[in-house]
Amino acid sequence: PSGVGVKMNVWPDRHMSTPFNQIETPNLPDGSSQQAEDQVWCMNNGDEEWSRVWDSSRHFPYVPAGSIQFGLSDAAMCSWDRQTYCDAIDKDNTCLAVRLYYYGDNAPDSSGMGDWDDDRWVAETYINMHHLCDDNDNSFCINMGDGSTDASDPFYNDATDKGVCADAWFTDHNGNPYLGDGAHGPQLWFTNYIVKIMDNCQGG
């Protein structure tokens with residue numbers, strides 16, 4: 001397929017602090033459990049968008065997100081490998097742009113979703129490509145929230161979790177850090193997402 005491989009891992013807790021095999025361990029505010037979820041696809045620069053409902057989530061159509069890791073990956077067998085792509089672009093002026101949407105219990109698949117500016121988006125972020133091209137593991141992790149809930153989080157371990165993921169990068173419609181809906185702490189329970197590579201974007 002055309003493009004470069006983009007991977008998105010969604011973890012139920014902040015700091016990617018629960019492993020993939022812990023699906024039977026209660027790790028959500030209501031006592032249920034959710035394993036980490038990942039998807040990978042091929043994407044080109046420009047206005048191309050990848051929009052989905054996350055149909056593999058145990059809480060479908062909802063995906064409980066405490067932290068999300070984004071990366072460039074060669075696993076999808078795309079036409080561009082990560083290194084060739086990174087060498088070809090203006091990394092300081094290209095972003096991976098992400099919006100997470102809340103459509104409710106009857107969330108549509110990609111064919112029924114609105115466009116990027118559909119006002120049902122809840123949180124957004126713009127990641128400068130140098131984070132995905134230059135970091136040692138070619139990925140970048142972002143927490144939901146601003147870190148203010150860590151002290152009361154039973155899953156937080158300062159020795160292993162501090163600094164793993166960046167805080168306050170997901171923002172709301174007002175440009176403020178997304179802090180949660182009041183029911184799930186800093187977690188965001190989203191139903192759909194749109195990801196695209198945006199040119200002429202500095203991001204963070």
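Trainee: Which residue stands opposite Trp121 in S7?
Mentor: Tyr101 stands opposite Trp121. This is a predicted model, in which local features need pLDDT of at least 70 and side-chain atom pairs count only at pLDDT 80 or more, while totals for chains, interfaces and linings use all residues. Residues are numbered from 1 along each chain as its sequence is written, and side-chain values use heavy atoms, with hydrogens and water left out.

Trainee: How many bridges join S6 to S7?
Mentor: Seven bridges link S6 (residues 94-101) with S7, and the two run antiparallel. Strands pair if DSSP finds at least two bridges between them; strands themselves are DSSP runs of E with at least two residues, helices are runs of H or I with at least four, and both are numbered from the N terminus.

Trainee: And why is S7 largely enclosed?
Mentor: Six of the eight residues of S7 (residues 121-128) are buried, so the rest of the structure largely encloses this strand. Buried means under 20% relative accessible area, exposed over 50%, and partly exposed in between (1.4 Å probe, protein chains only).

Trainee: Changing topic: where is Asn143, and is the residue buried or exposed?
Mentor: Asn143 belongs to strand S8 (residues 139-143). With a relative accessible area of 0%, Asn143 is buried.

Trainee: What does the side chain of Asn143 reach at 2.7 Å?
Mentor: It is the backbone nitrogen of His15 that the Asn143 side chain reaches at 2.7 Å. The side chain of Asn143 also makes a polar contact with that of Asp167, at 3.0 Å. A polar contact is a pair of N or O atoms within 3.5 Å; within protein, one must be able to donate a hydrogen and the other to accept it, and residues adjacent in sequence count only if both atoms are side-chain atoms.

Trainee: Which residues does Asn143 touch?
Mentor: Not counting residues up to four places away in sequence, Asn143 touches several, including Arg14, Gly66, Cys165 and Phe170. Contact here means heavy atoms within 4.5 Å.

Trainee: What about Gly180, where does that residue lie?
Mentor: Gly180 sits in the loop between helix H3 (158-161) and strand S9 (188-190). Gly180 counts as partly exposed, at 27% relative accessibility. Beyond four places away in sequence, Gly180 touches Gly185, Pro186 and Gln187.

Trainee: Finally, how many helices and strands does the protein have?
Mentor: The secondary structure comes to three helices and ten strands. Of the 204 residues, 50% count as buried.
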